[in-house]
Amino acid sequence: MIDLRSDTVTRPTEAMRKVISCSAVGDDMFREDPEVNALEEKVASLFEKESGLFVPSGTMGNQLAVKVLTQPGDEVIIEEKAHLFHAETAACSMISGVQLYPLKGIRGMLDADMVLKAIRGDHDWEPRTGLISVENTANMGGGTCYPLDKIQEIYTLAQTVNIPVHIDGARIWNASIASDIPLPVFGALCDTISVCFSKGLGAPVGSMLLSDSKTIEQARRYRKVLGGGMRQAGLLASAASYAVDHHFPMLKEDHRRAALLAEAVAENDAFFIQPKHVETNIVIFEVVKGSVDSALKWLSDHGVAMVPFGGNTIRATFHLEINDQGLDMARKAVTSYRPVL
C-alpha cells in the first residue's frame with residue numbers, strides 16, 4: 001500500500017534506528033539528558049533563537065506558546081483553517097482560557113490588513129487581542145508557504161501594537177526548502193515558533209518550541225503541568241537530530257513528487273485541482289464527479305491510501321517513504337479513476 005494519508009506515518013530508517021540504539025541518555029527532568037540538551041541547542045541555533053524546549057508533540061508546542069504569551073480572556077487571531085483551530089480539540093480555551101478569532105484568509109494565509117482590522121481591545125466590552133498566530137506551511141491551505149513579505153508585514157504590525165506572534169511551524173522545514181528562505185529569517189519574525197520532527201523529517205516522535213530563554217523557562221514549567229516532562233528522552237531526541245541532519249535536504253523530493261501527482265490529478269475530469277498551488281508535499285483536490293468515499297475506495301483498491309479532508313476534498317501527503325515507484329502507482333490510480341454515477 002502506498003500510504004499518502006499523512007507525512008506522520010513514516011517509520012524510523014535503519015540508520016535512524018542505529019542512532020537511537022546508541023543514544024547517550026539521562027533524566028531530562030533533571031536536565032541531564034545529553035541528547036535532549038544537544039538537540040535543543042542545535043535547533044535553537046538553526047533558527048537563531050536563544051533557547052528551545054523538546055516536547056512530545058506539535059500540539060503541545062503550540063499550546064505552550066499560547067499559554068506563555070497570553071492571559072485568560074485574551075483573543076488569538078488565526079486563519080480559519082489553522083491547525084490551532086481545527087485540530088487541537090479546543091485546547092486553547094481549556095488550557096489558557098483564551099478564545100480564537102479565525103479569519104478567512106487566502107489558501108490558509110493571513111495578511112497584515114486582515115490582522116489590523118481584527119485587533120480588538122479598545123473597548124471594555126471587547127476581548128483584548130493577546131496573540132497573532134500564523135501557520136507555515138498552511139496544512140489545510142494545501143501546504144502553502146507564506147511569502148516573506150507577508151510574514152514581515154504581519155510581524156512589523158505586531159511589534160507596532162505590542163502583540164506577540166507565534167508561528168506554527170510544524171512544516172517550516174518544507175517552507176524553507178520550497179521558498180528558499182533560511183531558517184533564521186523565520187526565527188527573527190516571531191516571538192515563538194514550534195517546529196515538528198515527526199512529519200516530513202521522519203522522526204518517530206517530537207517537536208520543539210523556540211523562543212528567548214525567559215519564555216522557554218516558563219514553557220518548561222507548563223510542559224510539566226501538561227504531562228510533557230520526560231525522562232530518558234534522548235532516545236527520541238537522537239532520532240530527531242538525525243532527521244534534521246539527514247532528511248531535511250530530502251524534502252525537495254517530496255515537493256517534486258507532489259507536483260507530479262497534482263498534474264496527474266488534473267488530467268482526470270472527475271477531480272478539480274490547480275497544480276500551480278501545490279508548493280510543498282501536500283496535494284489537496286476536490287471530487288467533482290462521484291463521491292469522496294467512492295474515490296477513496298477506488299484508490300485503496302488500487303494500492304493507494306489518501307484521506308478525506310472535509311466536504312468533497314481529498315488530501316495526499318508525500319514523505320520520505322514514498323519513492324518514484326510509489327508516485328507512479330499513485331499517478332496511475334488517480335488518472336484511471338472512474339466515478340460510479
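The model is predicted, so I note its terms: local features need pLDDT of at least 70, side-chain atom pairs count only at pLDDT 80 or more, and totals for chains, interfaces and linings use all residues. Residues are numbered from 1 along each chain as its sequence is written, and side-chain values use heavy atoms, with hydrogens and water left out.

**Entry: backbone.** I checked the peptide bond from N136 to T137 and found it cis, with omega near 5 degrees. I also looked at E48, which is not glycine and yet has a positive phi, near 55 degrees. E48 sits in the loop between α2 (34–47) and β2 (51–55).

**Entry: cavity.** I searched on a 1 Å grid over the protein atoms alone, where a cavity is a set of points that a 1.4 Å probe fits but cannot leave, and lining residues have an atom within 4 Å of a point. Points are joined across faces, edges and corners, and a volume is the space filled by probe spheres set on them. I count one cavity of 30 Å³ or more. The largest cavity has a volume of about 50 Å³. N136 and T137 are among its lining residues, as are H83, D168 and K199. I sorted the lining into one nonpolar, five polar and four charged residues. Here Ala, Val, Leu, Ile, Met, Phe, Trp, Tyr, Cys and Pro count as nonpolar, Asp, Glu, Lys and Arg as charged, and the others, Gly among them, as polar.

**Entry: helix pair.** I fitted axes to C-alpha atoms, for helices over the stretch in contact, with angles from 0 to 180 degrees between N-to-C directions. The axes of α8 (172–179) and α12 (251–266) come within 9 Å and cross at roughly 75 degrees. The two helices are therefore roughly perpendicular (65 to 115 degrees). W173, N174, I177 and A178 of α8 meet L251, K252 and H255 of α12, where contact means heavy atoms within 4.5 Å.

**Entry: sheet.** I traced an open sheet of four strands, antiparallel, in the order β9-β10-β13-β12; strands pair if DSSP finds at least two bridges between them. Its edges are β9 (271–272) and β12 (307–308). β10 (282–287) and β13 (313–317) pair over five bridges, and I284 stands opposite R315 in β13. α12 lies across β9, β10 and β13, at about 15 degrees to β10.

Methods. Angles under 35 degrees count as roughly parallel, over 145 as roughly antiparallel, 65 to 115 as roughly perpendicular and the rest as oblique. On a 1 Å grid over the protein atoms alone, a cavity is a set of points where a 1.4 Å probe fits but cannot get out, and a pocket is an open set with protein on both sides within 12 Å along at least five of seven lines; lining residues have an atom within 4 Å of a point.
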